[in-house]
Amino acid sequence: MSTIPSTVLTNTTRRVAALLAGPVYGGYLYAYPHKTAYRPLLRPVPLREAWAQEPKDGLFLYVHVPFCAMRCGFCNLFTLTRGEGRVGPYLDALRLQAETVADSLGRFRVARMALGGGTPTFLEPADLDRLFADLRDTFGATPLGVPASIETAPGTTTPERLAVLRAHDVERISIGVESFRDDEARAMGRPQPRGSVEAALGAIRDAGIPVLNIDLIYGGTGQTPASFLESVEAALAWKPEEIFLYPLYVRPLTGLGRRGGAVEDDRAWDARRLAIYRAARDRLREAGYAQVSMRMFRRIPEPVWGPAYDCARDGMVGLGAGARSYTAALHYATAYAVGQPGVAEIVADYVARGADRHGRADYGAWLDAEDQRRRFVLMHLLQAAGLPVQAYARRFGTRLFDDLPELADLAAAGLATLDANRLALTGAGLERSDAIGPWLQAAGVRERMRAYALR
């Protein structure tokens with residue numbers, strides 16, 4: 001059994017004090033380094049070179065569709081609300097990129113695939129069908145062969161589009177409901193009648209998609225634990241296989257940000273979000289859902305099929321403007337923007353690219369040894385299953401607590417436990433995931449994020 005060396009327990013109170021005293025909701029860390037830490041690369045890297053020494057027998061394929069019918073008030077994703085005349089050229093560019101990247105990779109195998117955005121179901125059924133055909137022809141990736149997920153929104157979840165997804169054997173569909181209450185949805189800048197939400201959910205169930213995920217957002221203006229539980233109960237009525245609970249953040253250049261919504265360090269808002277989260281978490285557990293992370297709750301075991309995929313070892317290939325790709329030492333993408341002019345400029349540049357530019361990485365971040373270690377830790381620690389200490393030692397040839405002594409603080413403060421060689425967050429630790437993630441970022445990454453000029 002692994003133990004924490006006594007030498008790393010000194011000054012624990014001082015080291016963890018800032019974490020415990022700071023806001024619970026510091027920031028959502030879904031990738032490391034964060035995209036605002038990316039910069040133009042000093043030397044463009046040919047993809048053939050970037051992937052030459054990487055394991056490629058179990059890749060994650062992510063396809064980004066940057067179009068939406070509307071821009072929600074809370075949304076800071078890379079997305080456009082004006083797709084007229086842009087979808088065809090965009091799909092042409094995506095096909096060219098897929099051909100170029102597949103050629104650069106050499107021999108490879110896709111183990112998982114996901115279509116996100118934006119809203120992929122913004123595409124008309126014929127365009128959606130074409131997209132799946134292009135992925136099959138270029139990457140050999142079909143939902144029939146590998147687990148595949150797609151994101152949707154109530155207004156674009158039509159029987160015709162769902163028929164395309166079913167024809168291609170898409171396994172999982174994730175729908176952004178956010179709230180079943182019309183007043184709360186409007187307050188978040190997501191005006192949608194509950195009737196359209198229920199109709200979309202009914203259509204998904206009628207289509208027979210095996211895994212339904214429902215996204216809910218908590219912390220909007222005037223929301224209480226009781227009012228949010230109304231949405232939780234409405235979601236449970238559909239018996240979704242998965243439910244995600246997302247805290248509301250008010251980001252610069254978003255609709256809520258421009259309207260002067262709540263600020264992120266508002267302690268009263270912080271406490272209200274935490275109270276809502278706890279009430280919803282407890283209700284989902286009571287309903288038989290297992291907690292996978294701070295955000296994710298699953299009613300059924302995760303399906304195990306398709307080629308093996310190890311998120312800590314295997315890379316990700318991103319296709320489309322806004323998509324990111326990961327190798328062990330290089331993360332790369334197109335540039336990033338939130339404001340519509342900036343997004344439109346980046347999409348236009350993407351569409352205009354030739355095969356030469358699709359075949360190289362020119363914007364991203366190199367991960368040094370420290371970044372690679374911290375990424376491994378964050379990918380595991382922020383999941384309920386926790387961080388396997390011996391797997392870390394095998395991967396890096398060093399001891400976890402020697403490299404990251406601050407992890408001892410989490411156990412000393414009751415935010416984590418160390419048992420049978422696994423460091424896992426407690427309930428109190430999981431609910432502070434959005435504080436622990438930023439806390440564990442390397443100083444250099446934090447500095448690049450602070451210096452990033454958002455557009």
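I began with the division of the protein: domain 1 covers 7-30 + 368-450 and domain 2 covers 43-299, with bounds from an automatic or database domain assignment. I am working on a predicted model, where local features need pLDDT of at least 70, side-chain atom pairs count only at pLDDT 80 or more, and totals for chains, interfaces and linings use all residues. Residues are numbered from 1 along each chain as its sequence is written, and side-chain values use heavy atoms, with hydrogens and water left out.

**Between the domains**

I looked up the C-alpha centres of domain 1 and domain 2, which lie 27 Å apart. The area buried between them is about 1,500 Å², with 49% from carbon and sulfur atoms (accessible area, 1.4 Å probe, that two parts lose on being put together, summed over both). Tyr25, Tyr28 and Glu431 supply 49% of the area that domain 1 buries against domain 2, more than any other three residues.

I found 3 salt bridges between domain 1 and domain 2 (a side-chain nitrogen of Lys or Arg within 4 Å of a carboxyl oxygen of Asp or Glu). I also noted that Glu431 and Arg278 form a salt bridge through their side chains, at 2.5 Å from N to O.

**Cysteines**

Cys72 is buried at 10% relative accessibility, and Cys75 is buried at 13% (buried means under 20% relative accessible area, 1.4 Å probe, protein chains only).

Notes. Buried < 20%, exposed > 50% of the residue type's maximum accessible area, 1.4 Å probe, protein only.
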